[in-house]
Amino acid sequence: MEKSSYSIVEMGRAAVSALQGREKGRGKNAKQFTWVLLLRAHRAAGCVAAAKKRLELRQSLSGDGDKVLFRFIKGFLALSLATLLVEIVAHWKGWHFQGPLLPLPETEEIKSWMHAAYLSWLSFRSDYIASPIQSLSSFCVVLFIIQSLDRTVLCLGCLWIKLKGIKPTIDSDPFKSDDPESPTNITPWFLFRFQCAMRGSAICQFDWPRDRLLVQVLDDSDDESIMQLIRGEVAKWSQRGVNIVYRHRLVRTGYKAGNLKSAMSCDYVKEYEFVAIFDADFQPNRDFLTQTIPHFQGDPELGLVQARWSFVNKDENLLTRLQNVNLCFHFEVEQQVNGVFLNFFGFNGTAGVWRRKALEESGGWLERTTVEDMDIAVRAHLCGWKFIFLNDVKVLCELPECYEAYRKQQHRWHSGRCSSSAYVPTWKKANLILLFFLLRKLILPFYSFTLFCVILPLTMFVPEAELPPWVICYIPFFMSFLNILPAPRSFPFIVPYLLFENTMSVTKFHAMVSGLFQLGSSYEWIVTKKAGRSSEPDLLAAAERESKLLTQQQLHRGASESELAKLNEQRIYRKELFLALLLLTAAVRSLLSAQGIHFYFLLFQGISFLLVGLDLVGEQIT
């Protein structure tokens, strides 16, 4: 160890070989044993330093709203730990009371000044703290009941649709007409965001006359190797007779909306009547256009036909299974019911066909929000256009497999919805304000975070403001049961689904606040990283062709870039970790009051936050 030329790796190998060479009965050399211990301590210190660097990196990249929320959670945790310590001392000395309505002892029964201070705290807590907490609790419970009734009504509507066999139908088959002009001109716009252009091969093979088909590959990437790969793929399909155009913007403003707006401004687009949009990881079937376009025939007020998503990696890990539950309910229940009874729902941003006239009359794609799909859908609905959702037409895609990608995706979706500045007149479309915006976009993340992450722990330390068991357990379990009905294979995951949804309420609440107050993160667009499983054969072939080039590029990366890549492999989420400690602290406090249901809920919810905070949910995608 005195030789400075030895590296840590060489020292580790030497120590292991030295220890393995000893016979079983002989004692270990003291210097070698100390050597191994020092190596273990060095590695442990390295792990601690790496965790500290990750925390510092996340703190430097977090916005003002994230810092305020984290300070609130951290202060709440410190106050809870101090209160728990007081309660433990009081319980140990016999001052603890099982119920909040028991009378306080008389003056002659007070044993010491500590006992008197604790009784003063009980009186102050009952007179001044319990009342506002109970009022906020009642308000959140009312919101919880309203939102639960809305979910129940949606499920009843879905049941009615299934019993009556209601679904969009086509009055006549336009493809059997003798008129050669019957297949109306269509422009499928293939929106390219990430990975390689070979995912557009499915779009180039649509069952549609090629002289009436234009494929636009919209690329906003800044990687020259990817751009060359896309150009080569576009040239290949162009040689096969496909009318395909590659567009790459030099000024990449407005994110996806800006890209679509730029593509819409092309003169040749005006020759086409319909626009189909697909994200890079979507693989539609060859008959997608023949299943969607006929719905526009004979209905000049129809502006959008939306298809359902189907996921190639829904069983990949626990995170993808839980996402599948959410999205199955979204498509099977929310989209289908709203489409049948209201002729309106939120455009999903991909796997849909728009009438070009509807886009133009609604003002086109605007760059004011990161959720351009919802923005254009609201404006088109206000202009009188109708929407149709096809639950039987499914387009294959994939789900994010790591929590970091899923978390950023949910933050962008929820903050963009709240920051959208679309003008909605109350006298014209009241259902948009009450149901689409207020109830499903604002109330849900607010009450979910406030009720289960703030009020519930508070009631453990202020038992005068108590949450009934039906709010904690029975109704949430019933609502989770309803949410999981469209995905019956996921019933074994009903408890993890309930806990994970409460865990995600932190991200959604932060996104809602960022959007409402126009914070910087509400306008942040981060591409959702995916594993590329929707077209694995194409990706494997591309990887084999480009392996040498990628290897050379990786060898020339700087040290700082490699360090950032290592930090991105494993993340620590501060808010989730501190909330885990908060809920576990409240669970310990509930043991003193013998509250069974509250204890188990807080315990398992705290463990759920802990797993998410340590990034142990989903795959690590680098």
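## Loop, strand and helix contact

Thr-350 sits in the loop between helix 8 (318–341) and strand 6. The model is predicted: local features need pLDDT of at least 70, side-chain atom pairs count only at pLDDT 80 or more, and totals for chains, interfaces and linings use all residues. Residues are numbered from 1 along each chain as its sequence is written, and side-chain values use heavy atoms, with hydrogens and water left out. Helices (H or I, at least four residues) and strands (E, at least two) are DSSP runs, numbered from the N terminus.

Thr-350 is buried, at 1% relative accessible area. Buried means under 20% (1.4 Å probe, protein chains only). Beyond neighbours within four places in sequence, Thr-350 contacts Ile-277, Phe-278, Asp-279, Phe-282, Gln-306 and Trp-309. Contact means heavy atoms within 4.5 Å.

Ile-277 belongs to strand 4 and is buried. Its bridge partner in strand 6 is Gly-352. Strand 4 and strand 6 (residues 352–355) run antiparallel, joined by four bridges. Pairing takes at least two DSSP bridges. Five of the five residues of strand 4 (residues 274–278) are buried, so this strand is largely enclosed by the rest of the structure.

| Side of strand 4 | Residues, buried |
|---|---|
| One way | Phe-274, Ala-276, Phe-278 |
| The other way | Val-275, Ile-277 |

Helix 4 (residues 113–164) packs on helix 13 (residues 469–484) at about 25°, axes 10 Å apart. Helix 4 is therefore roughly parallel to helix 13 (angles under 35 degrees). Axes are lines fitted to C-alpha atoms over the stretch in contact, and angles run from 0 to 180 degrees between N-to-C directions.

Definitions and conventions: Parallel < 35°, antiparallel > 145°, perpendicular 65-115°, else oblique. Buried < 20%, exposed > 50% of the residue type's maximum accessible area, 1.4 Å probe, protein only.
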